[in-house]
Amino acid sequence: EGGANGYGVIYRITTNGVLTSLYSFTNGNDGASPASGLLQTTDGNLYGTTEEGGANNYGVVFRFATNGVLTPLYSFTDGHDGAYPEGALAQGNDGNLYGTTYEGGANGYGVIFQIATNGDLASLYSFTDGHDGANPIAGLALANSGNLFGTTIGGGTNRYGAVFELSLSAPALNIFSEGDQSVLSWPGWANNYVLQSTTNLALPGWTNVTNAMPGTTVTVTNSLPARYFRLVYP
């Protein structure tokens, strides 16, 4: 809480105790009542969540530049995407951000979500209030394996919460061939992956496929020699 509008602030504090208020939330599209800390990602910006506010008053994910400019990236709807994020975000090895919501999802007990730095959000898992737990409050931790770990305050075998692991799978490359053409596509959330091709798997001669974008299709002509395709995270 607090700040110029009473809905919380982003601040900077030096190691000798000098504090500067950088941004005051307004309870508008920017959100209200941040309940967790910020994450600095590989692009140099800071990312965080607010528990409330946003376009639907179910919380937001935002980006904050070190020059003081805040950009709302996503407003939760209390649908399959979840509601009321309270934990900090984590950045996966694929460059995307991952987090949890306290409520919402397919069963109303919160979700694990993935969001790209451009604001594209996908719900990965909806808690069931069973052995998997319910109502995660804390954020996620990235392990050396590339998987994410977290906790819930409810559910579990004994109804006192659970510790869980989420395995992250690589995006699937879909290839549909008909006649002398093939159509390739992969999910839009995998915006950090690049489509490459080669005609010889024994040589390190992979090249980027031009005009290939996530979430869309690219058509190639089938010809000899045979071409092989892969998605790669640079």
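Select Asn 135. This residue counts as buried, because its relative accessibility is 15%. Buried means under 20% relative accessible area, exposed means over 50%, and partly exposed is the range in between (1.4 Å probe, protein chains only).

The model on your screen is predicted: local features need pLDDT of at least 70, side-chain atom pairs count only at pLDDT 80 or more, and totals for chains, interfaces and linings use all residues. Residues are numbered from 1 along each chain as its sequence is written, and side-chain values use heavy atoms, with hydrogens and water left out.

**Stop 1: backbone at Asn 135 and Tyr 84.** Stay on Asn 135. It sits in the loop between β10 (121-126) and β11. Its phi is positive, about 60°, although Asn 135 is not a glycine. Now jump to Tyr 84. Here too phi is positive, near 60°, in a residue other than glycine. Look for Tyr 84 in the loop between β6 (70-75) and β7 (90-91). Is Tyr 84 buried or partly exposed? Tyr 84 counts as partly exposed, because its relative accessibility is 23%. Why stop for these angles? Most residues other than glycine have a negative phi, and most peptide bonds are trans.

**Stop 2: a cis peptide.** Select Leu 224 and Pro 225. The bond joining them is cis, with omega about 0°. Pro 225 lies in the loop between β18 (217-221) and β19 (228-232).

**Stop 3: the salt bridge.** How many salt bridges does a search of the whole structure find? The search finds one. A salt bridge is a side-chain nitrogen of Lys or Arg within 4 Å of a carboxyl oxygen of Asp or Glu. Arg 159 is partly exposed, with a relative accessible area of 44%.

**Stop 4: Asn 147.** Select Asn 147, in the loop between β11 (141-142) and β12 (148-152). Asn 147 counts as buried, because its relative accessibility is 13%. Which residues does Asn 147 touch, leaving out those up to four places away in sequence? They are Ala 141, Leu 142, Glu 165, Leu 166, Ser 167 and Leu 168. Contact means heavy atoms within 4.5 Å.

**Stop 5: a surface patch.** Select Tyr 11, Ile 13 and Leu 19. Together they form a nonpolar surface patch with about 320 Å² of accessible area. Tyr 11 belongs to strand β1 (residues 9-13). Tyr 11 is partly exposed, with a relative accessible area of 48%. Patch residues have over 30% relative accessible area and no salt bridge; like charges are joined within 9 Å, nonpolar side chains (Val, Leu, Ile, Met, Phe, Trp, Tyr) within 5 Å. Accessible areas come from the Shrake-Rupley method with a 1.4 Å probe; for residues, only the protein chains shown count as cover.

**Last stop: zoom out.** Switch to cartoon. The protein has zero helices and 19 strands. Helices (H or I, at least four residues) and strands (E, at least two) are DSSP runs, numbered from the N terminus. The C-alpha trace spans about 65 × 45 × 35 Å along its principal axes. Of the 234 residues, 40% count as buried.
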